[in-house]
Amino acid sequence: QVQLAESGGGLVQAGGSLQLSCAASGRTFSSYAMGWFRQVRGGKRDIVAAINNGGTNTYYADSVKGRFTISRDNAKNTVYLQMNSLKLEDTAVYYCAADPVFRAVYPDYWGQGTQVTVSS
């Protein structure tokens with residue numbers, strides 16, 4: 001079992017930056033690939049970024065490529081999402097997820113989500 005807790009969401013103006021964190025507890029964090037997903041109200045949950053268990057391979061959705069950076073610190077059991085040049089359309093609830101498989105479509109474990117709101 002893995003427990004995930006996101007933090008760092010909030011209100012930011014367009015063009016600004018936020019860093020999300022996801023702290024993991026439970027089984028060995030470094031065994032899991034991690035991902036960040038987002039969901040707008042009434043929409044589906046889409047992958048934003050992913051990182052493999054060793055941090056050597058990453059994936060980004062086209063919509064965030066060049067603006068967002070995913071990273072992890074296995075010593076701290078934490079994965080991060082640095083979000084720069086934020087746009088109105090980045091407004092969503094952001095979830096971190098863990099799965100043994102990199103870029104899993106339906107990860108085994110999810111956090112509770114953190115709201116990111118980008119204002120004009």
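Colleague: Which residue in β9 is the bridge partner of Arg 38?

Modeller: In β9 the bridge partner of Arg 38 is Tyr 94, where strands are DSSP runs of E with at least two residues, numbered from the N terminus. This is a predicted model, in which local features need pLDDT of at least 70 and side-chain atom pairs count only at pLDDT 80 or more, while totals for chains, interfaces and linings use all residues. Residues are numbered from 1 along each chain as its sequence is written, and side-chain values use heavy atoms, with hydrogens and water left out.

Colleague: OK, and how many bridges link β4 and β9?

Modeller: Strand β4, residues 33-39, pairs with β9 in the antiparallel sense over seven bridges; two strands are said to pair if DSSP finds at least two bridges between them.

Colleague: Why is β9 called largely enclosed?

Modeller: Seven of the eight residues of β9, which spans residues 92-99, are buried, so the strand is largely enclosed by the rest of the structure. Buried here means under 20% relative accessible area, exposed means over 50%, and partly exposed lies in between, using a 1.4 Å probe and protein chains only.

Colleague: Switching to Leu 11: buried or exposed?

Modeller: Leu 11, which has its place in strand β2 (residues 10-13), is exposed, with a relative accessible area of 65%. Leaving aside residues up to four places away in sequence, Leu 11 touches Thr 117 and Ser 119, a contact being heavy atoms within 4.5 Å.

Colleague: And how far is Leu 11 from Thr 91 in space?

Modeller: Their C-alpha atoms are 9.2 Å apart, although Leu 11 and Thr 91 are 80 residues apart in sequence.

Colleague: What about the whole fold, how many helices and strands?

Modeller: The protein comes to zero helices and eleven strands, a helix being a DSSP run of H or I with at least four residues. Of its 120 residues, 43% count as buried, and among contacts between residues at least 6 apart in sequence, 56% join residues at least 24 apart.

Colleague: Last one, how many positive and negative side chains?

Modeller: There are 11 positive and 8 negative side chains, and the centres of the two sets lie 1 Å apart. Lys and Arg count as positive and Asp and Glu as negative, without His or the chain ends, and each charge is placed at NZ of Lys, CZ of Arg, CG of Asp or CD of Glu.
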